Amino acid sequence: MGSNGMHTRVLRELANVIAKPPSIIFERSWRTGEMPEDWRTASVTPVFKKGKKEDPGNYRPISLTSIPGKVMEQLILGVINKHVEEKKVIRSGQHGFTRGKSWLTNLIAFYDDMTSWVDEGRAADVLYLDFSKAFDTVSHNILISKLRKCELDEWTVSCVENWLNGRAQRVVISSAV
């Protein structure tokens with residue numbers, strides 16, 4: 001269920017009936033680069049992981065956004081992915097956030113390189129960093145600048161910029177804001 005209380009199943013089952021109005025909104029958002037404010041509002045709620053329910057450390061926060069906002073995110077992601085693949089923006093050595101690659105393919109490539117260097121008698125210094133929270137601290141201005149440098153169309157860049165700059169969050173616990 002999205003943060004607006006709308007269940008995805010309702011949208012899926014009524015897609016043929018209700019598709020036209022959201023498609024008009026998506027198109028207008030795309031052309032103007034402006035997303036509706038409620039699409040950019042996330043409800044942050046705690047979800048129990050394991051252990052004692054009384055311990056706040058046993059919960060993780062999740063961010064719920066509206067279903068139309070998620071659909072728009074997927075549309076934008078599709079455009080960015082297509083552009084990145086067509087223009088060869090990402091190097092072949094990139095594994096994170098790349099379709100068909102993962103931490104495992106990165107580890108295998110790393111292992112292959114290191115074993116071949118050792119076989120050749122070369123020295124290798126290794127520094128491995130965990131960037132699992134890297135996108136929590138990415139500068140929005142730098143990200144927008146990089147999107148423009150890789151020649152992504154201005155409509156998409158404007159959508160991403162508006163999406164990032166106008167975000168809001170609220171904490172929701174047991175349906176109470």
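**Close-up 1. Helices α4 and α7 lie oblique to each other.** Helix α4 covers residues 67–87 and helix α7 covers residues 154–165 in this predicted model. They pack at an angle of about 140°, with their axes 11 Å apart, and are therefore oblique (angles under 35 degrees count as roughly parallel, over 145 as roughly antiparallel, 65 to 115 as roughly perpendicular and the rest as oblique). Each axis is a line fitted to C-alpha atoms over the stretch in contact, and angles run from 0 to 180 degrees between N-to-C directions. Helices here are DSSP runs of H or I with at least four residues, strands are runs of E with at least two, and both are numbered from the N terminus.

**Close-up 2. Residues where α4 meets α7.** On the α4 side, look for G69, M72, E73, I76, V79 and I80; on the α7 side, find T156, C159, V160 and W163. Contact means heavy atoms within 4.5 Å. Sorted by class, seven of these residues are nonpolar, two polar and one charged. Ala, Val, Leu, Ile, Met, Phe, Trp, Tyr, Cys and Pro count as nonpolar, Asp, Glu, Lys and Arg as charged, and the others, Gly among them, as polar.

**Close-up 3. Helix α3 meets α7.** These two helices pack at an angle of about 100°, with their axes 7 Å apart, which makes α3 roughly perpendicular to α7. S29, W30 and R31 of α3 touch W155, T156 and C159 of α7. This contact has three nonpolar, two polar and one charged residues.

**Close-up 4. The tilted aromatic pair of F26 and W39.** Ring centres of Phe, Tyr and Trp (its six-membered ring) must lie within 6.5 Å to pair; planes under 30 degrees apart count as stacked, over 60 as edge-to-face and the rest as tilted. By this rule there are two aromatic pairs. F26 and W39 are 5.3 Å apart centre to centre, with 55° between the planes. F26 sits in helix α3, and W39 in the loop between α3 and β1.

**Close-up 5. The edge-to-face pair of F48 and Y59.** Their ring centres are 5.4 Å apart and their planes stand at 65°. F48 belongs to strand β1 and Y59 to strand β2. F48 is partly exposed at 29%, as is Y59 at 27%.

**Notes.** Residues are numbered from 1 along each chain as its sequence is written, and side-chain values use heavy atoms, leaving out hydrogens and water. In this predicted model, local features need pLDDT of at least 70 and side-chain atom pairs count only at pLDDT 80 or more, while totals for chains, interfaces and linings use all residues.

Definitions and conventions: Buried means under 20% relative accessible area, exposed over 50%, partly exposed in between (1.4 Å probe, protein chains only).
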